[in-house]
Amino acid sequence: MTKPAKDELLDFVLKQLDDDQAQEVVTIDLEGKSSIADHMVIASGRSTRQVASIAQKLAEKLKQNGYGPVKLEGLPAADWVLLDAGDIVVHLFRPEVRSFYNLERMWAFGDAPPVAGTA
């Protein structure tokens, strides 16, 4: 039995985030909870420069590996960058911005652990 393409896409995204040293990576399963995507991935970068770099590199790698072009939002400021890859939405934050918005709590419906510094 082969894995569905969306699981391959999720694995690919998670590996790239790990390779680029994204911090506190959290995956939220949205299947059956929302029609916007099947998975949401939330991660932090140490600075706006790292957030922008991770986002640009991930978008480039997704396109190079046949996952199609992705939509990027928020790149100029790079406090919060949204990457829409179809079945997967990736949110990349600076830690302070991530704590403020606390998307894990909003979207996890009680499934996700609290973000460091917000408990």
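Contact here means heavy atoms within 4.5 Å. The model is predicted.

**Packing around L17**

Neighbours within four places in sequence are left aside here. On that basis L17 is in contact with A22, V25, V41, A43, I54, L58, V90 and L92.

**Nonpolar cores**

L17 belongs to the largest nonpolar core, which has 23 residues. V13, L17, L62, V90 and L92 touch the most other members. Two or more residues come from each of these elements: α1, β2 (39–44), α2 (48–64), β4 and β5 (88–93). The largest share is that of α2, with 7 residues.

In soluble globular proteins, nonpolar side chains tend to be buried together.

Q21 is not a glycine, yet its phi is positive, at about 60°. A78 is not a glycine either, and its phi is also positive, about 60°. Where do Q21 and A78 sit? Q21 is in the loop between α1 (5–19) and β1 (23–29). A78 is in the loop between β3 (71–73) and β4 (80–84).

| Residue | Phi | Relative accessibility |
|---|---|---|
| Q21 | about 60° | 49% |
| A78 | about 60° | 2% |

Are these residues buried, partly exposed or exposed? Q21 counts as partly exposed because its relative accessibility is 49%, and exposed means over 50%. A78 counts as buried because its relative accessibility is 2%, and buried means under 20%.

Conventions: Residues numbered from 1 in each chain as written. Predicted model: local features only at pLDDT ≥ 70, side-chain atom pairs only at ≥ 80, totals over all residues. Heavy atoms only, no water. Helix = DSSP H or I, 4+ residues; strand = E, 2+ residues; numbered from the N terminus. Buried < 20%, exposed > 50% of the residue type's maximum accessible area, 1.4 Å probe, protein only. Core = buried A, V, L, I, M, F, W, Y, C linked by side-chain atoms within 4.5 Å.
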